[in-house]
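Please read this briefing alongside the sequence and the structure, keeping in mind that the model is predicted.

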Amino acid sequence: MEFELINFCEFDKYASKAYSLIHNEPESKNLGDITLVDEKEIADFNWMVGGSPCQDFSVAGKGKGAVWTCMNCKDDEGNDYQYNPLEVHYTKRDKCPKCNSRNIEKTRSSLVVEWLRILHAKKPNIAIYENVKNLVGKKHKYFFDLFINELQEYGYNTYYKVLNAKDYGIPQNRERVYVVVIKKELDNGKFQFPKSFKINNELKKLLDDIVEDKYYLTKDEIKR
């Protein structure tokens, strides 16, 4: 399927360069930090694909989730006031719900809110969101349900499923939750996730037999 890339968002300069080389796209299409992107200046598009940092949802991370902390007010115990941004309606999300301050500290995984902001503004026909399996686990399911409810309020139907890369031809055991988002007026209700198939690749077939020393960590680096 052919498509034209309108823009992409990548904060890391090396990842941006790698993306451009792999997909033969100019780096000038990179909008950079999504928190600084003005959605009104982006050209219209039909598809939106992406995710948000997974560290705060991941089992290996600290498990903070998408928490916002107001730096200007306190809770009843005297700590900086914390809240779930998806519990605040998207029309009022730019301010602390308690004191109306805009001085807010955000976890990395709360960039999902920025993904929602762009989606709501541009209203593409279809969107795909991806994150770690733990997002639909017991600890973060409440946040995920809020996410799904907001998408439905925008006028979308949603379908989600945990898929493993090893079931789709990639030699890696990598489980991720995928959310497919379709405008209600365009959805015929027949969407189904692709069926898995037997892997034909093995990791050893993809790795080079001889690798230059510069790609290995030195003994001192390993020790450090």
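**Helix H1 and its ends**
- Helix H1 covers residues 13-23, and at its start a side-chain oxygen of aspartate 12 comes to within 2.9 Å of the backbone nitrogen of tyrosine 14.
- Just after H1, the backbone at asparagine 24 adopts a positive phi of about 55 degrees.

**The sheet**
- An open sheet is built from 3 strands in the order S3-S2-S4, with antiparallel pairing.
- Its edge strands are S3 (80-83) and S4 (104-106), each of which pairs on one side only, and from one strand to the next the twist averages 30 degrees.
- In general, the strands of a sheet pair through backbone hydrogen bonds, in either a parallel or an antiparallel arrangement.
- Strand S2, which spans residues 68-74, pairs with S3 in the antiparallel sense over 3 bridges, and lysine 74 stands opposite aspartate 80 in S3.

**Lysine 122 in helix H2**
- Lysine 122 lies in helix H2, which is made up of residues 112-122.
- Because its relative accessibility is 13%, and the cut-off for buried is under 20%, lysine 122 counts as buried.
- The side chain of lysine 122 is joined to the side chain of aspartate 44 by a polar contact of 3.1 Å.
- When neighbours within four places in sequence are left aside, lysine 122 is in contact with Glu39, Ile42, Ala43, Asp44 and Phe45.

Methods: Residues are numbered from 1 along each chain as its sequence is written. This is a predicted model: local features need pLDDT of at least 70, side-chain atom pairs count only at pLDDT 80 or more; totals for chains, interfaces and linings use all residues. Side-chain values use heavy atoms; hydrogens and water are left out. A polar contact is a pair of N or O atoms within 3.5 Å; within protein, one must be able to donate a hydrogen and the other to accept it, and residues adjacent in sequence count only if both atoms are side-chain atoms. Helices (H or I, at least four residues) and strands (E, at least two) are DSSP runs, numbered from the N terminus. Two strands pair if DSSP finds at least two bridges between them. Axes are lines fitted to C-alpha atoms, for helices over the stretch in contact, and angles run from 0 to 180 degrees between N-to-C directions. Buried means under 20% relative accessible area, exposed over 50%, partly exposed in between (1.4 Å probe, protein chains only). Contact means heavy atoms within 4.5 Å.
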